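Hi there,

Here is the structure I promised to pass on to you. Have a look at it first, and then read my notes below.

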Amino acid sequence: MYRSIRIVLTGVESSGKSALAKVLASHFGIPMVEEYAREYLKEIKTAYTQNDLVEIAIGQLISLSKPVPKKILIADTDLQVIKIWSLVKYKNVDPFILKEYENSKADLYILCNPNDVAWEYDELRENEYDRHEIHKMYLNELTTNNLNYIEAKGTLDERKNFCIKYITEHFSSYI
């Protein structure tokens, strides 16, 4: 079996990751891996702790490792988001998350810029007012580690069109 090419949507909460992941997966007719954290946090129904981030990371890794019928998949987050969130909320990252993140980096990250997307409340979101500072952490993570990434900006249609063009140009043999 071949290893799937993984394209991961990344960035701060309420920056349009889920919406863009869905339209890209639909456009290309490829599988999409949902964000496991939402499922996990709705199940526990209590305030989460730093230890829960490890459980969320495990669940996300399991979701990402399932066989897919195509050579490419879209993921609405990966361990990069968990790593950065742990730094924001707890000022450190569990060694398990760091190790697994190092071993599971994506082929392409699509960083969703928060400037063009209004923050929307939902019961799982926490950081309305420091999205721009956290966005800088994502940029630093991507550039410092020389990860393959593009930044999606503008309306959902503008983001979609930009990403479709990039993915088609760089990954057409996998679609």
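Strand β3 (residues 72-75) pairs with β1 in the parallel sense, over four bridges; strands pair here if DSSP finds at least two bridges between them. Within this pairing, I5 has I72 of β3 as its bridge partner. The strands (E, at least two residues) and helices (H or I, at least four residues) are DSSP runs, numbered from the N terminus.

Before going further, a word on the source: this is a predicted model, in which local features need pLDDT of at least 70 and side-chain atom pairs count only at pLDDT 80 or more, while totals for chains, interfaces and linings use all residues. Residues are numbered from 1 along each chain as its sequence is written, and side-chain values use heavy atoms, with hydrogens and water left out.

Back to the sheet. What else does β1 (residues 5-10) pair with? Strand β4 (residues 108-112) also runs parallel to β1, again over four bridges. The bridge partners in β4 are L108 for I7, I110 for L9 and L111 for T10. β4 in turn pairs with β5 in the parallel sense over four bridges, and there L111 stands opposite E151.

Put together, the five strands form an open sheet in the order β2-β3-β1-β4-β5, with parallel pairing. Its edge strands are β2 (32-33) and β5 (149-152), each of which pairs on one side only.

Is β1 buried or exposed? Six of its six residues are buried, so β1 is largely enclosed by the rest of the structure. Buried means under 20% relative accessible area, exposed means over 50%, and partly exposed lies in between (1.4 Å probe, protein chains only). In a regular strand the side chains alternate between the two faces of the sheet. In β1, I5, I7 and L9 are on one side and R6, V8 and T10 on the other, and both faces are covered. β4 is mostly covered too, with five of its five residues buried: L108, I110 and C112 point one way, Y109 and L111 the other.

Q60 sits in helix α3 (residues 50-65) and is buried, with a relative accessible area of 1%. Leaving aside residues up to four places away in sequence, Q60 touches V33, E34, E35, Y36, A37, T77, D78, L79 and I82, where contact means heavy atoms within 4.5 Å.

Now for the chain as a whole. Seven helices and five strands make up its secondary structure, and along the sequence they follow the pattern β-α-β-α-α-β-α-α-β-α-β-α. Along its principal axes the C-alpha trace spans about 45 × 40 × 30 Å.

Of the 175 residues, 50% count as buried. Among contacts with a separation of 6 or more, 76% come from residues 24 or more positions apart.

Best wishes
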